[in-house]
Amino acid sequence: MPRVLTKGDDFQIGAYMFPDRKRPCLCVQHEIRICGTFQNVEAADLFMNELANMVGAAKEV
């Protein structure tokens, strides 16, 4: 964690873990803004894999 898709140097979207949160958070980063949370790490991984498939991005291992 985090699992992140990037476009250029200034745009990232992904599932991040924060020390003050129990669950992974969905974030869009120009500045980090939390848009939602996942039930667990597996749900965050599933979402990020599906998002990568949708936009044709390479998946991290």
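Two strands count as a pair if DSSP finds at least two bridges between them. With that in hand, welcome to a tour of this predicted model, one close-up at a time.

**View 1. Strands β1 and β2 meet in a hairpin.** In β2, T6 finds its bridge partner in Q12. K7 is also part of this picture, standing opposite F11 in β2. Strand β1 covers residues 3-7 and strand β2 covers residues 11-16; the two run antiparallel and are joined by five bridges. Three residues lie between the strands of the hairpin, and here G8 takes a positive phi near 70°.

**View 2. Strand β2 also pairs with β3.** Now let us turn to the partner on from the hairpin. Five bridges link β2 to β3, and these strands run antiparallel. One place to look is G14, whose bridge partner in β3 is C27. C27 sits in strand β3, which spans residues 25-29. With a relative accessibility of 0%, C27 counts as buried. From C27 to T37 there are 10 residues in sequence, and their C-alpha atoms are 8.9 Å apart in space.

View 3. A disulfide is a covalent bond between the sulfur atoms of two cysteines. How many disulfides does a search of the whole structure find? The search finds zero. C25 is buried, having a relative accessible area of 0%.

**View 4. Helix α1 has buried residues along one face.** Is A44 of α1 buried or exposed? A44 is buried, as are M48, L51 and A52 in this helix. Looking down the axis of α1, the buried residues fall within an arc of 100°, so they line one face. On the other side of α1, E42, L46 and M54 are exposed. The length of the helix can be checked too: at 1.5 Å a residue, its 15 residues should span 21 Å, and the end C-alpha atoms are 21 Å apart, which agrees.

**View 5. The largest nonpolar core gathers eight residues.** Its members are L5, A15, L26, F38, A44, M48, L51 and A52. Which helix gives the most to this core? That is α1, residues 41-55, with four residues.

**View 6. Two aromatic pairs complete the tour.** A pair of aromatic rings is described by the distance of the centres and the angle of the planes. The count for this model is two aromatic pairs. In one of them, the ring centres of Y16 and F18 are 6.2 Å apart with their planes at 20°, so this pair is stacked. The cut-off for stacked is under 30 degrees. Y16 counts as buried, at 9% relative accessibility. F38 and F47 form a tilted pair, with 5.5 Å from centre to centre and 50° between the planes. Within this pair, F38 counts as buried at 10% relative accessibility, while F47 is partly exposed with a relative accessible area of 33%.

Conventions: Residues numbered from 1 in each chain as written. Predicted model: local features only at pLDDT ≥ 70, side-chain atom pairs only at ≥ 80, totals over all residues. Heavy atoms only, no water. Core = buried A, V, L, I, M, F, W, Y, C linked by side-chain atoms within 4.5 Å. Buried < 20%, exposed > 50% of the residue type's maximum accessible area, 1.4 Å probe, protein only. Phe/Tyr/Trp six-rings, centres within 6.5 Å; stacked < 30°, edge-to-face > 60°. Disulfide = S-S within 2.5 Å. Expected span 1.5 Å × (residues − 1). Arc of directions from axis to C-beta.
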